[in-house]
Amino acid sequence: MRANLLWVEKYRPQKISDVIGNAQAKNTFVNWLKSKRRRKKAVLLYGPAGVGKTALVNAASNQFNFTIVEMNASDTRTEKAINKVSKPATSYIALNKFSTETKGNILFLDEVDGVFGQQDRGGIGAIIKIINKSLIPVVMAANNPDLKKLRPLKKVCKLIRFQPIRTPLIITMLRRICVRENIEAEFEAIERIAENSRGDMRSAINDLQSIAEGRRFLRLQDTMFLSYRNKDIGMYETLKGMFSANSIVEAAILLNRSNVKYDDLLLSISDNLPLRYRDLVDLANAYDLVSRADVFRGRVGTENWRLLRYFFNLLAEATTISPTSFKPFDFIFPPIRIMKLFWTKSKRMKLESICAKIALKCHVSRSTAKKDIIPFIKIILEKQKLNPIISWLELGSDEVDYLNKMNKL
Amino acid sequence: MKLDDEVMWVEKYRPRTLNEIVGLNHIVKSLQVFLENPRSMPHLLLAGIPGTGKTTIALCIARELFGKKWKTFTLELNASDERGINTVRKRIKDFSRYRRTGFGNVPFSLIILDESDQMTGPAQTALRRIMETSSRTSRFILICNYSRKIIEPLQSRCAIFRFSKLDKNAMVEHLKKIAQKENLMLLEEAAEKIVEYSEGDLRYAINALQTAATYRRGDIDEQTVLQVVGEASPKQVQLMLIKAHNGDFIEARKMMYNLIGQYGFSGSEIVRQMQRELLKVSYLSDNEKAELTNIIGEYDFRLTQGANSDIQLSALLAQFSKFGRSKGESN
């Protein structure tokens with residue numbers, strides 16, 4: 001039976017120590033919460049989605065026995081609405097005092113960056129009023145605080161910044177979930193989900209559930225159709241912007257703002273060049289630039305990060321060889337190589353096992369077997385279907401099939 | 001010795017004793033001196049191009065030293081297959097631990113390390129240490145294509161034998177002898193054609209002969225040989241090259257990914273094949289071939305510098321397309 005439960009709920013942190021990542025922000029928040037005399041009555045937790053802001057508040061309330069009075073963006077946030085929920089909570093602190101188990105209330109305003117919309121007119125003023133009147137701590141969370149608009153808030157509350165969660169931490173969490181759900185997962189699959197989430201734990205867990213729930217095994221190819229999640233400027237926007245840019249500078253600026261992974265970008269630009277440049281001379285020149293970019297990528301390795309700027313500039317040049325010839329087209333993504341290598345992995349494994357058998361019998365290395373012996377064996381088997389080579393090499397019928405198919409390729 | 005259980009002719013007709021080896025007289029003679037008194041045998045380094053008998057000689061030595069039980073006292077390793085020096089070290093250690101005493105008046109066991117030039121510098125340095133610590137109980141035969149890729153300290157510990165291209169006439173004779181034993185009619189010009197294509201690689205020649213024998217009953221003539229040689233070289237590479245040159249870049253690039261994905265070819269292998277196949281394309285002039293070779297060379301170099309071989313290959317194919325178009329216009 002499938003339990004009808006979202007894993008993000010099921011595995012929500014119960015204690016503060018369960019919240020993963022952002023150790024510094026966690027400490028700051030907990031210290032603020034524990035202190036008797038707060039300099040500022042409110043805190044604003046800000047940072048990208050899915051990094052544990054709400055989880056931390058919930059875990060803290062669990063651990064310290066606070067009651068949370070919560071509002072979030074789905075409520076209309078006019079002054080009236082805010083007052084309706086929060087006034088009783090802030091004014092009548094004594095209400096809960098009869099219970100010894102409850103230490104008090106927190107007013108939690110989630111997704112406060114939603115307050116600037118038209119329907120929420122007056123919302124921010126109301127929040128400031130509440131903070132000023134409040135007898136209890138006010139905790140707010142925002143994804144992408146436009147600091148200009150939040151300036152009035154900044155004066156009355158402490159800002160705590162949350163950062164994307166590092167991939168290894170996400171991997172650890174996903175693996176823990178897999179163990180609990182009794183799923184045997186390939187490390188590469190977990191790694192890909194984690195990387196794909198770009199520091200967003202919630203989306204990583206959601207992706208894992210969508211792919212793996214109810215299954216016994218999770219393989220790398222299962223993760224192939226995970227959509228790349230857009231963070232700020234995603235791959236599509238980056239490709240679109242770069243290929244339609246009017247100048248190298250325009251493309252370079254866009255590249256600067258984009259935070260796609262540059263190895264993915266390199267492969268994707270390479271994949272999409274033939275669609276962008278119909279003219280073979282333009283195409284060859286663009287590929288030459290991408291090839292040079294790849295050489296720089298090789299030189300950057302894992303340490304010469306300084307050289308990355310040449311890599312980026314070359315890519316920007318490659319996409320803007322003839323700006324006037326741009327016509328919209330459908331981008332190829334994810335990279336062909338990654339798709340191709342996933343689908344052919346089992347075939348290559350077969351080839352490797354044939355080579356290993358030949359290597360054993362013919363006193364050669366596997367690579368020599370592949371280069372110098374297989375080309376002949378495949379012809380022999382084509383001409384003589386029952387040649388004793390089959391039994392001599394102990395080839396399985398699937399391996400014979402493989403060699404026969406090689407003839408047709 | 002019973003030979004019938006070997007099916008591949010390269011194995012079936014692989015010499016079992018040093019006396020059976022033809023065309024390598026000077027090497028065989030010096031080795032036979034060592035074998036008269038095995039205790040005096042040093043470590044050996046056999047260097048030379050593929051298919052010239054290095055592995056065969058190493059196996060012959062093992063047989064001559066240990067007789068029928070040679071497999072018990074010989075460890076055959078291929079450096080290009082064993083990942084990292086640690087595997088090599090462990091297997092050699094385990095091996096010399098259990099076979100310490102050797103056999104009869106041979107006080108050591110034998111370790112044959114094929115393709116040892118595939119080992120990295122540090123791995124070779126580690127091997128040097130292994131050779132030292134196990135020198136009382138074992139002898140090494142290192143086999144490689146290029147002796148300059150073997151570090152000096154290793155070379156200095158070995159007696160070095162160099163193998164050059166096999167003599168053409170000797171190869172032709174050898175092929176004819178095999179044909180006779182297999183009851184085949186091998187025409188003289190067919191044998192010569194095989195030898196010509198083999199470029200001094202006897203393994204290639206024998207494989208080509210065995211493949212030719214499966215084509216039809218009766219004589220093996222030049223025509224059959226050409227057919228075998230054509231079909232054995234990866235057609236995909238030539239097709240890809242021609243597609244690119246004709247301006248069908250997208251199709252050519254697809255074929256490239258097939259070569260990588262389904263054949264398991266590496267980038268440098270594909271470039272090497274492209275270079276070979278280019279020379280065979282009949283409608284290109286020598287000048288054009290020279291220019292294209294130059295282009296291949298440039299991207300082969302970038303391949304060694306860059307991070308992604310498929311990107312360098314794509315760029316190379318795009319250059320072919322550009323080249324093909326510019327020639328098409330000027331005509």
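Visitor: What must be known about strand pairing before the sheet is discussed, that is, how many bridges must DSSP find between two strands that pair?
Guide: Two strands pair if DSSP finds at least two bridges between them. The model discussed here is a predicted one. The number required for pairing is at least two bridges.

Visitor: In what order do the five strands of the open sheet in chain B stand?
Guide: The sheet is open and its pairing is parallel. Its edges are strand 2 and strand 5 (158-163) of chain B, each of which pairs on one side only. Neighbouring strands are turned against each other by 15 degrees on average, direction ignored. Across the sheet of chain B, the order is 2-3-4-1-5.

Visitor: Which helix of chain B packs on the sheet and touches strand 1 (43-48), strand 2, strand 3, strand 4 and strand 5 of chain B?
Guide: The direction of this helix makes about 165 degrees with that of strand 4 of chain B. The helix that packs on the sheet is helix 3 of chain B.

Visitor: Which residue stands opposite B:Leu113 of strand 3 of chain B?
Guide: Strand 2 (residues 74-78) of chain B runs parallel to strand 3 of chain B, and five bridges join the two. Within this pair of strands, B:Glu76 stands opposite B:Ile112. The residue opposite B:Leu113 is B:Leu77.

Visitor: What is the bridge partner of B:Leu110 in strand 4 of chain B?
Guide: Strand 3 of chain B is also joined by five bridges to strand 4 (residues 138-144) of chain B, again in parallel. The partner of B:Leu110 there is B:Arg139.

Visitor: Is B:Thr125 buried, partly exposed or exposed?
Guide: B:Thr125 lies in helix 6 of chain B. It has 14 other C-beta atoms within 10 Å, while a buried residue needs 20 or more and an exposed one has 12 or fewer. Because its count falls in between, B:Thr125 is partly exposed.

Visitor: What is the bridge partner of A:Leu107 in strand 4 of chain A?
Guide: Strand 3 (residues 104-109) of chain A is largely enclosed by the rest of the structure, because five of its six residues are buried. It pairs with strand 4 (residues 138-142) of chain A in the parallel sense over three bridges. In that strand, the partner of A:Leu107 is A:Val138.

Visitor: Which helix of chain B gives the largest share of the side that touches chain A?
Guide: The contact takes 48 residues from chain B and 43 residues from chain A. The elements of chain B that give two or more residues include helix 1 (9-12), helix 10 (202-213) and helix 16 (309-330). The largest share, 10 residues, comes from helix 16 of chain B.

Technical notes. Residues are numbered from 1 along each chain as its sequence is written. Chains are lettered from A and ligands numbered from 1 in the order in which they are written. This is a predicted model: local features need pLDDT of at least 70, side-chain atom pairs count only at pLDDT 80 or more; totals for chains, interfaces and linings use all residues. Helices (H or I, at least four residues) and strands (E, at least two) are DSSP runs, numbered from the N terminus. Two residues are in contact if their C-beta atoms, placed from the backbone, lie within 7 Å. Axes are lines fitted to C-alpha atoms, for helices over the stretch in contact, and angles run from 0 to 180 degrees between N-to-C directions.
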